[in-house]
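Reader: I am new to this structure. Can you walk me through how to read it, feature by feature?
Author: Gladly. Let us take one topic at a time.

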Amino acid sequence: MDGTACNVSKDSSPLFYLVGIPSLQEFLFVPVFFVFLFFYLLILAGNTLILVAVVAEPSLHKPMYFFLINLSALDILLTTSTVPKMLSLLLLGDHFLSFPACFLQMYLFHSFSCSEAFILVVMAYDRYVAICRPLHYPVLMTPQTNAALAAIAWLTALLLPIPAVVQTSHMAFDNIAHIYHCFCDHLAVVQASCSDTTSQTFMGFCIAMVVSFLPLLLVLLSYARILASVLHISSREGRSKAFSTCSSHLLLVGTYYSSIAISYVAYRADLPLDFHIVGNVVFAILTPVLNPLIYTLRNKDVKTGIAKMACLWVRASGDL
């Protein structure tokens, strides 16, 4: 809405009504609920398994896996900020969110998604140092450096969405504002306002560009240097080994930016609103689902660590 009159009560904060996916028929709510529930449980189980395996297995106490558990923690937090409300909406018809709850959800969702982008950059830097400067790797990637890089990624992402969230919270809304989405996404909340939305839409677009394309550029630069370094390796076996250490991370980057591309195309193309909403839901769920699958199926060290942990658990159960 652009500057239309608001039906606002001065005595109470607005309530937000999550419309969900507008064209989704009511008889499909329960099946879709179970699909989302399955994915959510898969995200929780898979990422928790990685967290426990990396912490418990000494052979995984390496920089790459330290950043991996940061990513797994973010996957759990990102989905937990949105999916439980979606499940409640589908099963119980719980469409309403209070003003503070909506803006808290908006802030957490965008902070955690920003953090994922920055952690992927840090992981790309880790691979660059490991392949291009292997002799300096123990000196450059110390535990203190790793903790500092992760802290910078988290802190930057926690601060970046604050201006957009605060300014959006000062916009005018009806007593009951209808949000055409499954959760309080920034753009969806802005479009529910009766204030002029031009400046907020532009700010959201600028932040999205910074969060999406700047990290992608840094990742591409890292892999350009990695590729140049690998091509100088004379043996085919050496090149294959170098590429294999990057394959899981490359798949994660591809998954993350593919889901962003789906969300962006759904928004920019002349498509029905449902496609935009589904595009955002895909972005919120796809990477957290695939992260543990990629690392448990493709990474030998993680698979070995999980297998050791499973053997210890079986032995402990047998002793009982």
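Author: Start with the sheet. Two strands pair if DSSP finds at least two bridges between them. Keep in mind that this is a predicted model.

Reader: In what order do the strands of the sheet lie?
Author: The order is β2-β1-β3. The sheet is open, has three strands, and its pairing is mixed.

Reader: Which strands stand at the edges?
Author: β2 and β3 (176-179) do. Each has a single partner strand, so one side of each is left without a neighbour in the sheet. From one strand to the next, the twist averages 30°.

Reader: In what sense do β1 and β2 pair, and over how many bridges?
Author: They run antiparallel, and three bridges join them. Look at Y17 here. In β2, F96 stands opposite Y17.

Reader: Those are two aromatic residues. How do I read a pair of rings?
Author: Use the distance of the centres and the angle of the planes. In this structure, the count comes to 14 aromatic pairs.

Reader: What kind of pair do Y17 and F96 make, and why?
Author: Edge-to-face. Their ring centres are 5.1 Å apart and the planes stand at 75°, so the pair falls in that class, because planes over 60 degrees apart count as edge-to-face. The two residues come from distant parts of the chain: Y17 sits in strand β1 (residues 15-18) and F96 in strand β2 (residues 96-98), 79 residues apart.

Reader: What class does the pair of F99 and F103 belong to?
Author: That pair is tilted. The centres lie 4.7 Å apart, with 45° between the planes. Both residues belong to helix α4 (residues 99-132). They are four residues apart, so about one helical turn separates them.

Reader: Are F99 and F103 buried or exposed?
Author: F99 is buried, with a relative accessible area of 19%. F103 is buried as well, at 7%.

Reader: Which residues form an aromatic cluster?
Author: One cluster is formed by F109, F183, Y256, Y257 and F283.

Reader: Now charges. What is the general idea?
Author: Side chains of opposite charge can pair when their charged atoms come close.

Reader: How many salt bridges does a search of the whole structure find?
Author: Two. One joins K85 and D94, whose closest N and O atoms are 3.0 Å apart. K85 is buried, with a relative accessible area of 13%. D94 is partly exposed, at 31%.

Reader: Which residue forms a salt bridge with D126?
Author: R127 does. Here the closest N and O atoms are 2.9 Å apart. D126 is buried, with a relative accessible area of 1%. R127 is also buried, at 8%.

Reader: Last topic, the surface. Which residues make a nonpolar patch?
Author: V210, L214, L217, L218 and L221 make one of about 430 Å². Take L221 as an example. It lies in helix α9 (residues 198-231). L221 counts as partly exposed, because its relative accessibility is 49% and exposed means over 50%.

Methods. Residues numbered from 1 in each chain as written. Predicted model: local features only at pLDDT ≥ 70, side-chain atom pairs only at ≥ 80, totals over all residues. Heavy atoms only, no water. Phe/Tyr/Trp six-rings, centres within 6.5 Å; stacked < 30°, edge-to-face > 60°. Buried < 20%, exposed > 50% of the residue type's maximum accessible area, 1.4 Å probe, protein only. Patch = residues over 30% accessible without salt bridge, like charges linked within 9 Å, V, L, I, M, F, W, Y side chains within 5 Å. Areas by Shrake-Rupley, 256 points an atom, 1.4 Å probe, with all protein chains shown as cover. Salt bridge = Lys/Arg side-chain N within 4 Å of Asp/Glu carboxyl O. Axes fitted to C-alpha atoms, helices over the stretch in contact; angles between N-to-C directions.
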